[in-house]
Amino acid sequence: MGTLGRAIYTVGFWIRETGQAIDRLGSSLQGGYYFKEQLSRHRTLMNVFDKAPVVDKDVFVAPSASIIGDVQVGRGSSIWYGCVLRGDVNNIVVGSGTNIQDNSLVHVAKSNLSGKVLPTIIGDNVTVGHSAVIHGCTVEDEAFVGMGATLLDGVVVEKHAMVAAGSLVRQNTKIPSGEVWAGNPAKFLRKLTDEEIAFISQSATNYTNLAQVHAAENVKSFDEIEFEKALRKKFAHKDEEYDSMLGVVREIPPELILPDNVLPDKAAKDQK
Amino acid sequence: MAAVARVSRRALTSFSSSAQPSAFHRTFSAEAAKAAAITPSPDRVKWDYRGQRRIIPLGQWLPKIAVDAYVAPNVVLAGQVTVCDGASVWPGSVLRGDLNKITVGFCSNVQERCVLHAAWSSPTGLPAETSIERFVTIGAYSLLRSCTIEPECIVGQHSILMEGSLVETHAILEAGSVLPPGRRIPTGELWAGNPARFVRTLTHEETLEIPKLAVAINDLSKEYFQEFLPYSTVYLEVEKFKKSLGISI
């Protein structure tokens, strides 16, 4: 059986070699339009000369995010997929427990029409929604920037304030504490209720927990990914309800269980 | 002589650039405390040759892409995401189904740089999954959060659909429209603005154009789909790379 195994292995190897040779043939047929796949050169944390990002070890930085230049990110924060934090001409400080959600852009201005140059400072437990654009602003602790909002230079969003989705906040606007500003250009809409203020800090905590799950998943090595693929395939056809009808208790492998604090429902049950 | 001038200039610029942030750190004293509190990890990966994975399974959830759907390599699908037949997801989009399900229906397209997310619960009390039915065109740079888009609609570019929104059949949203939470767009109407307001009803001819647009984009996506081999050949580059660094394969 040993020699048979070896024979099959060798044949498999020949087939792969043939495949690669045919691939080379096909590439030469494609000639000028041949596309050679290259390794990704995207750098998640990138220095610009002497300015290097300083990112705490608990922070989830998505691999497709770009943190460039003089950026500091405090603990428990998360920078989600596709974000760009460009601290090239000035510095960016992101506090702890903050989440900068997918496809957002945080940039600083070097020269401004009014002449002021401002670093961008984002406080603790801030939620910056998807695709927000924050340019040279100060966002204080526990504020909420809605998705798609654009905050221009010099804007100050005070503690517990909310910038509604899709709003455009013009230069040097100050958004007072506890208010919701919306629209293009952003104007005062209404005051935040206490419930909503509590919700802001709760959402920041939820996101920190969610970030840990994503961080764990993104950091996995090739072997771990393959192993989990196999596990998932095995468990694809097993339905919990059907099993409970049969009286079978099947254990989901620990690799496939999400931590309980991720889904708010389960977290609430745990607390009870 | 010139070298000395260069070195002194460089020293001067580095001095001035370091002086400026310290001045800011003194005025915002909280920042100084924060700067001291950050403990960077020496293990943090600054560059991963694998890049960003397209499909990110979370726990038991595995995003599913149909065999003839074009999903750009740039896209991130995480959690419970299903991309149905003939659908296309264009570069830069992020479909994050970590709290709830996301479905992209038959022959629909999610264009560049969209973010589709699903909240845990919707203010309307209905299921908070983001479901995009068949023949829907979601314009570039849109943000969809826990909304339902019924068959044959067009959502304009850079639009924002918040939790619980419902866009009914044959509706068109102009570019840049913002739907507040729980807004319903009735059948066959054109809405625009921030917040979205009714503009006019659509003529029957315009209604017929909607699925044609989705099919046209489907055809375009097939051309993009053909550019990619079923399996990437980047493993050859990885092997070459590892050999050059002396790492055993």
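## Basis of the model

Two strands pair if DSSP finds at least two bridges between them, and β19(B) and β20(B) meet this condition in the antiparallel sense over 4 bridges. Helices (H or I, at least four residues) and strands (E, at least two) are DSSP runs, numbered from the N terminus.

This is a predicted model, in which local features need pLDDT of at least 70 and side-chain atom pairs count only at pLDDT 80 or more, while totals for chains, interfaces and linings use all residues. Residues are numbered from 1 along each chain as its sequence is written, chains are lettered from A and ligands numbered from 1 in the order in which they are written, and side-chain values use heavy atoms, with hydrogens and water left out.

## Chain B overall

Chain B contains 4 helices and 20 strands. Of its 249 residues, 45% count as buried, where buried means under 20% relative accessible area, exposed over 50%, and partly exposed in between (1.4 Å probe, protein chains only). The accessible surface of chain B comes to about 12600 Å², and carbon and sulfur atoms account for 60% of that area. Accessible areas come from the Shrake-Rupley method with a 1.4 Å probe; for residues, only the protein chains shown count as cover.

Among contacts in chain B between residues at least 6 apart in sequence, 24% join residues at least 24 apart. Contact here means heavy atoms within 4.5 Å.

## The sheets

In chain B, 8 strands form an open sheet with mixed pairing, in the order β3-β5-β7-β10-β13-β16-β19-β20. Its edge strands, each pairing on one side only, are β3 (70-71) and β20 (197-201) of chain B. Strand β16 (residues 172-173) of chain B runs parallel to strand β19 (residues 189-192) of chain B and is joined to it by 2 bridges; B:L173 has B:W191 as its bridge partner in β19(B). B:W191 in turn has the bridge partner B:F198 in β20(B). β19(B) and β20(B) form a hairpin with 4 residues between them, and B:G193 in the turn has a positive phi of about 105°.

Chain A also has an open sheet of 8 strands with mixed pairing, in the order β3-β5-β7-β10-β13-β16-β19-β20. There the edge strands are β3 (60-61) and β20 (187-191) of chain A, each pairing on one side only. Strand β7 (residues 99-100) of chain A pairs in the parallel sense with strand β10 (residues 127-128) of chain A over 2 bridges, and A:N99 stands opposite A:T127 in β10(A).

## Buried sites in chain B

B:S88 belongs to strand β5 (residues 88-89) of chain B and is buried, with a relative accessible area of 0%. The side chain of B:S88 makes a polar contact with the side chain of B:W90 (3.1 Å). A polar contact is a pair of N or O atoms within 3.5 Å; within protein, one must be able to donate a hydrogen and the other to accept it, and residues adjacent in sequence count only if both atoms are side-chain atoms. Not counting residues up to four places away in sequence, B:S88 touches B:Y70, B:S108, B:N109, B:V110, B:I217 and B:S221.

B:A118 lies in the loop between β8 (115-117) and β9 (130-132) of chain B and counts as buried at 0% relative accessibility. Its C-alpha atom is separated by 7.9 Å from that of B:C147, 29 residues apart along the chain. Residues that B:A118 touches, not counting those up to four places away in sequence, include B:R96, B:L99 and B:S146.

## Salt bridges

A search of the whole structure finds 19 salt bridges over all chains, a salt bridge being a side-chain nitrogen of Lys or Arg within 4 Å of a carboxyl oxygen of Asp or Glu. In chain B, the side chains of B:R96 and B:D98 meet in one (2.9 Å, N to O), and both residues are buried. In chain A, A:E196 and A:R190 form another (3.1 Å, N to O); A:E196 is partly exposed at 22% relative accessible area, and A:R190 is partly exposed at 36%.

The side chains of A:E228 and A:R232 also meet in a salt bridge (3.2 Å, N to O). Both residues lie in helix α3 (residues 222-235) of chain A, 4 residues apart, about one turn of the helix. A:E228 is buried at 6% relative accessible area, as is A:R232 at 9%. A network of salt bridges links A:E217, A:K220, A:E228, A:R232 and B:R53.

## A nonpolar surface patch

B:W47, B:Y49, B:F241, B:L245 and B:I247 form a nonpolar patch on the surface, with about 440 Å² of accessible area together. Patches are made of residues with over 30% relative accessible area and no salt bridge: like charges are joined within 9 Å, nonpolar side chains (Val, Leu, Ile, Met, Phe, Trp, Tyr) within 5 Å. B:I247 lies in the segment after α4 (234-245) of chain B and is partly exposed, with a relative accessible area of 43%.
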